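Please examine the sequence and the model displayed below before reading on. The report then describes selected features in turn.

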Amino acid sequence: MKIIKTVKELRDVLKGKSTGLVPTMGALHEGHMSLISRCVKENECTVVSIFVNPTQFGVNEDFDKYPRTLEADAKMCEGAGVDFVFAPSASEMYPSGTSDLTLVCPPYSLLDRLCGKSRVGHFDGVASVVLKLFNIVRPKRAYFGQKDAQQLFVISKMVEDLNVDVEIVPCDIVREADGLAMSSRNVYLSKKGREEGVRLSKALFTVREMVQKGESDTKVLTDAALSVLEGLDVEYFEIYDLNSFEETDTIKESALALVAASIREGENKVRLIDNARVK
Ligand code: AMP
């Protein structure tokens, strides 16, 4: 396995190869590794990109303190059979800076909801960096976690709208034994915060159980979820129809419940997101 830092070198080594790409921001955990293992299995050559992308962080977000663990990440990738880790610097990715950039703007209808409401500009940054990575790597397939459900929607829409020649492969959420969705940001949590964080998945699973028992009114389901989340700083708990990716009053064929909440850690807040198919 080789760590590559420049676009030119990566393009050179990938010439003529059928490649799968797993875009990440590093601080790899088992969630990432499930995408990576699948990519290794399904492709002749696997590239894992590790890039903490400045253009997707808001001014008051955690860009500076986001965990950066390249050495450990590279070891994990090597163990999983990855061919290349692409770990560019910000100046390699943005040689003329980030203030005068051509950006991909996902449609407002996908952004005026869920994480898009509080993280203004976030998905422009995500879509733009992912398109750059697609243009650099030219992968046959690219692997994304369902954990970031709105991101998956935004990227699938971009690929469709801009005729990008790549297959997007959605991958299941990997959880800790107690249900907490794995995330690089979980390292910010204290023991007490960690216990509070578990309530996000508890709320989702409560709703799923109620749906299994026949409840279909999303107001009743949301109230039940909010009582599990009581005391946390809840940004949203919403239930979406999966076909339309719109909020729904009644659960029909398929539904996804999504949650974002912050846990207080001293002066700071740790924002967690999670989601689950409830039908
Ligand atoms: P990140 O490094 O957080 O940008 O994540 C890189 C990719 O890994 C994204 O496609 C995420 O959705 C995915 N991912 C992160 N956490 C998990 C998880 N717990 N289970 C599955 N996929 C995940």
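This is a predicted model: local features need pLDDT of at least 70, side-chain atom pairs count only at pLDDT 80 or more; totals for chains, interfaces and linings use all residues.

Residues are numbered from 1 along each chain as its sequence is written, and side-chain values use heavy atoms, with hydrogens and water left out.

Helices (H or I, at least four residues) and strands (E, at least two) are DSSP runs, numbered from the N terminus. Helix 7 covers residues 122–137, a total of 16 residues. From its first C-alpha to its last it reaches 22 Å, close to the 22 Å expected at 1.5 Å a residue; the expected span is 1.5 Å times one less than the number of residues. Arginine 138 follows helix 7 and has a positive phi, near 50 degrees.

Burial is judged by relative accessible area: under 20% is buried, over 50% is exposed, and in between is partly exposed (1.4 Å probe, protein chains only).

A nonpolar core is a set of buried Ala, Val, Leu, Ile, Met, Phe, Trp, Tyr and Cys residues joined through side-chain atoms within 4.5 Å. The largest nonpolar core has 45 residues, of which Leu10, Phe86, Met93, Val130, Phe134, Phe144 and Ile168 touch the most other members. Helix 7 gives the most to this core, namely 10 residues. Another core, of 29 residues, lies apart from it and includes Leu180, Ala257, Ala261 and Leu272.

Contact means heavy atoms within 4.5 Å. With neighbours within four places in sequence left aside, methionine 93 is in contact with Phe51, Phe86, Pro88, Val129, Lys132, Leu133 and Ile136.

**The sheet**

Two strands pair if DSSP finds at least two bridges between them. Four strands form an open sheet in the order 8-7-9-10, with antiparallel pairing. Strand 8 (246–247) and strand 10 (268–277) stand at the edges with a single partner strand each, so one side of each has no neighbour in the sheet. Strand 7 (residues 233–241) is joined to strand 9 (residues 255–265) by eight bridges. Aspartate 233 stands opposite serine 262 in strand 9.

**Aromatic pairs**

Rings of Phe, Tyr and Trp (its six-membered ring) pair if their centres lie within 6.5 Å; planes under 30 degrees apart count as stacked, over 60 as edge-to-face and the rest as tilted. The structure holds six aromatic pairs, including the two in the table.

| Pair | Type | Centre to centre | Angle between planes |
|---|---|---|---|
| Phenylalanine 57 and phenylalanine 63 | edge-to-face | 5.3 Å | 65 degrees |
| Tyrosine 240 and phenylalanine 245 | tilted | 4.9 Å | 50 degrees |

Phenylalanine 57 is buried at 11% relative accessibility, while phenylalanine 63 is partly exposed at 26%. Ring pairs link Phe57, Phe63 and Tyr66 into a cluster. Tyrosine 240 is buried, with a relative accessible area of 2%, and phenylalanine 245 is buried, with a relative accessible area of 2%.

**Cysteines**

A disulfide is a pair of cysteine sulfur atoms within 2.5 Å. A search of the whole structure finds zero disulfides. For cysteine 105, the nearest cysteine sulfur, that of cysteine 115, is 18 Å away. Cysteine 105 is exposed, with a relative accessible area of 55%. Cysteine 171, by contrast, is buried at 4%. The sulfur of cysteine 171 is 8.8 Å from the closest cysteine sulfur, in cysteine 39, which is too far for a bond.
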